[in-house]
Amino acid sequence: MQITFIGGGNMAGAIIGGLARQGGHRIHVVEHQQDKLDQLVADFGCSGGQTLPGAFSADEVVVLAVKPQQLRELCLQLAPRLNGALVVSIAAGIRLDALRRWLGSGRIVRVMPNTPAMVGKGVSGLYADAEIAAADRQAAETVMRAAGLTVWLDDETGIDDITCVSGSGPAYVFYFIESMIEAALKAGFAEAQARELVLATFDGAVELARQSPLPVAALRQNVMSKGGTTERAIARFEAEGVKAAIIAGAMDCRERSIEMGQQLSQE
């Protein structure tokens with residue numbers, strides 16, 4: 001495929017890297033920061049420039065990878081150049097109806113990726129209107145699968161749902177990792193060893209959950225013995241409302257995603 005990325009930030013770089021490893025794609029990047037552009041070209045062998053092409057072709061995929069606040073102006077510049085190209089937007093919050101207005105086109109797929117895409121372990125939720133052709137869905141999926149797992153959503157509100165689970169979810173995990181490292185330091189481990197121990201513990205627990213047929217709650221119970229050490233820790237978590245706070249925080253995240261979408265899509 002011919003794929004043009006507009007914006008060369010971390011998420012764009014992660015996807016470009018995955019596509020480069022797949023091979024067979026013609027990738028072009030538009031990025032106004034020359035040093036960032038030079039790095040992408042050097043790392044992945046793509047072409048690049050600081051300005052938008054004069055025109056796109058109908059069989060091209062255009063990936064919008066700029067900040068949401070910049071998207072309206074960009075779309076207005078793109079509208080006369082698109083020539084029916086497929087647009088894939090990874091900009092958070094901007095609804096399809098706004099993208100359609102600004103671009104003058106309905107050939108659009110919205111995507112909510114997450115930062116583990118940077119190591120090829122991302123999760124991306126995709127949504128498109130029912131009339132979008134199967135070939136366009138496949139093209140968008142090919143682009144995003146280069147960065148990890150892809151999930152098609154039945155409704156555009158699913159973007160807000162997946163934002164609070166996978167989109168923002170890595171931050172929740174990092175928060176827990178951060179807390180465990182602090183606990184390890186308090187227990188007396190050196191910083192490097194504390195980090196190594198905690199990351200290895202998370203890695204092993206995730207792999208066990210992936211491979212085991214048991215529910216995650218059962219795996220937790222398997223670590224606990226009556227009156228034992230783990231039971232004492234979990235009892236404190238429950239008393240402090242840790243699980244309830246995590247769930248409530250995720251729902252707050254979803255609510256904020258909805259609010260941002262409404263605010264950013266009004267113009």
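This is a predicted model: local features need pLDDT of at least 70, side-chain atom pairs count only at pLDDT 80 or more; totals for chains, interfaces and linings use all residues.
Arg220 is found in helix H9 (residues 216-223). Helices here are DSSP runs of H or I with at least four residues, numbered from the N terminus. At 32% relative accessibility, Arg220 counts as partly exposed. That class lies between buried (under 20% relative accessible area) and exposed (over 50%), with a 1.4 Å probe and protein chains only.

Residues are numbered from 1 along each chain as its sequence is written, and side-chain values use heavy atoms, leaving out hydrogens and water.

**Aromatic rings**

How many aromatic pairs does a search of the whole structure find? It finds two. Rings of Phe, Tyr and Trp (its six-membered ring) pair if their centres lie within 6.5 Å; planes over 60 degrees apart count as edge-to-face, under 30 as stacked and the rest as tilted.

| Pair | Centre to centre | Angle between planes | Class |
|---|---|---|---|
| Phe176 and Phe202 | 6.0 Å | 65° | edge-to-face |
| Phe176 and Phe237 | 6.4 Å | 75° | edge-to-face |

Phe176 lies in helix H7 (residues 169-187) and Phe202 in helix H8 (residues 191-211), so their pair ties together parts 26 residues apart in sequence. The pair of Phe176 with Phe237 also links distant parts of the chain. Phe237 belongs to helix H10 (residues 229-239), 61 residues apart from Phe176. Together, ring pairs link Phe176, Phe202 and Phe237 into a cluster.

Phe202 is partly exposed at 22%, and Phe237 is partly exposed at 33%.

**A charge over a ring**

The charged end of Arg137 sits over the ring of Trp152, 5.0 Å from its centre. The term requires NZ of Lys or CZ of Arg within 6 Å of the ring centre and within 35 degrees of the ring normal.

**Two crossing helices**

The axes of helix H1 (residues 10-22) and helix H5 (residues 134-145) come within 8 Å and cross at roughly 100°. That makes H1 roughly perpendicular to H5, a class that spans 65 to 115 degrees. Axes are lines fitted to C-alpha atoms over the stretch in contact, with angles from 0 to 180 degrees between N-to-C directions.

In H1, Ile15, Leu19 and Gln22 meet Thr142, Val143, Met144 and Arg145 of H5. Contact means heavy atoms within 4.5 Å. By class, the contact has four nonpolar, two polar and one charged residues.

Definitions and conventions. Angles under 35 degrees count as roughly parallel, over 145 as roughly antiparallel, 65 to 115 as roughly perpendicular and the rest as oblique. Ala, Val, Leu, Ile, Met, Phe, Trp, Tyr, Cys and Pro count as nonpolar, Asp, Glu, Lys and Arg as charged, and the others, Gly among them, as polar.
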